Amino acid sequence: MQPKYSVEEKVLCYHGPLLYEAKCTKLKKEGGSYQYYIHYQGWNKNWDEWVTESRMLKQTSDNFEKQKKLLSSHLAISKANKKLKKEIRKGSKGGSDSNSNSRASTPVGDKPTTSTASARHSKRSIGDDERSTSSRDEEGSQVAKEGTISHPRKKAKPKAIPVFSDESTGARVTVDLPTELK
């Protein structure tokens with residue numbers, strides 16, 4: 001059985017739904033059929049690939065006409081799909097309706113339930129859940145009426161509670177110091 005196409009022959013080759021001008025650069029027989037290494041004209045060699053005869057056509061006027069028809073129908077379908085997607089997006093814009101899956105970038109008051117073990121290790125203050133980071137940033141950059149820059153309130157550092165333990169007996173004593181001595 002002879003190959004249908006020869007090396008260095010210019011052909012039209014399907015890549016997806018479209019036909020592209022190509023050149024057969026190599027050929028090999030695999031099993032009972034031939035495989036052709038195709039270089040798509042005007043494209044980087046990274047797009048070169050092995051294809052079977054079923055994806056190739058001779059360069060004839062009829063096949064060039066077929067290439068143009070495929071391209072025009074593909075562009076029409078793409079344009080219609082793009083318009084449809086735009087209409088769908090346009091219909092879902094504006095406000096938060098019950099069908100919307102969008103959420104604020106910073107959840108406010110949306111604290112997930114935690115187990116008691118993980119709650120013990122959590123050191124977040126309640127204030128973190130009550131306002132978003134964007135509102136804190138805006139407070140820090142506002143200029144007061146007198147012309148001075150107002151700074152956000154600093155968070156109070158948690159006071160360290162002194163704990164004394166005796167390792168030999170395993171006894172622990174927690175001492176509450178008066179605020180004057182802290």
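A residue is called buried if its relative accessible area is under 20%, exposed if over 50%, and partly exposed in between, with a 1.4 Å probe and protein chains only. By that rule Cys13 is buried, with a relative accessible area of 0%, and Cys24 is buried with a relative accessible area of 0%. The model is predicted, so local features need pLDDT of at least 70 and side-chain atom pairs count only at pLDDT 80 or more, while totals for chains, interfaces and linings use all residues. Residues are numbered from 1 along each chain as its sequence is written, and side-chain values use heavy atoms, with hydrogens and water left out.

The sheet comes next. Strands (E, at least two residues) and helices (H or I, at least four) are DSSP runs numbered from the N terminus, and two strands pair if DSSP finds at least two bridges between them. Five strands form an open sheet in the order 4-3-2-1-5, with antiparallel pairing. Strand 4 and strand 5 (56–58) are at the edges with a single partner strand each, so one side of each has no neighbour in the sheet. On average, neighbouring strands of this sheet are turned by 50° against each other, direction ignored; the axes behind such angles are lines fitted to C-alpha atoms, for helices over the stretch in contact, and angles run from 0 to 180 degrees between N-to-C directions.

Strand 3 (residues 33–40) has six of its eight residues buried, so the rest of the structure largely encloses it. Eight bridges join it to strand 2 (residues 18–30), and the two run antiparallel. Strand 2 and strand 3 form a hairpin with two residues between them, and Gly31 in the turn has a positive phi of about 70°. Within this pair, Cys24 stands opposite Ile38. Strand 3 also pairs with strand 4 (residues 49–52) in the antiparallel sense, over four bridges. Here Tyr36 stands opposite Val51, and Gln35 has Thr52 as its bridge partner.

Gln35, in strand 3, counts as buried at 17% relative accessibility. Contact means heavy atoms within 4.5 Å. Apart from residues up to four places away in sequence, Gln35 touches Lys26, Leu27, Lys28, Glu30, Trp50, Val51 and Thr52.

A nonpolar core is a set of buried Ala, Val, Leu, Ile, Met, Phe, Trp, Tyr and Cys residues joined through side-chain atoms within 4.5 Å. The largest one has 11 residues, among them Tyr5, Val11, Cys13, Cys24, Tyr36, Ile38 and Met56. Strand 1 (10–15), strand 2 and strand 3 each supply at least two residues of this core, and strand 3 gives the most, with four. Ile38 is in contact with residues including Val11, Cys13, Ala22, Cys24, Val51 and Met56, leaving aside neighbours within four places in sequence.

Although Cys13 and Cys24 both belong to this core, the structure holds zero disulfides, a disulfide being a pair of cysteine sulfur atoms within 2.5 Å. The sulfur of Cys24 is 9.6 Å from the closest cysteine sulfur, in Cys13, which is too far for a bond.

Helix 1 (residues 61–92) contains Asn63, which counts as buried at 16% relative accessibility. A polar atom of the Asn63 side chain lies 2.6 Å from the backbone oxygen of Lys58. Not counting residues up to four places away in sequence, Asn63 touches Leu12, Leu19, Leu57 and Lys58.

Notes:
Polar contact = N/O pair within 3.5 Å; in protein donor to acceptor, adjacent residues only side chain to side chain.
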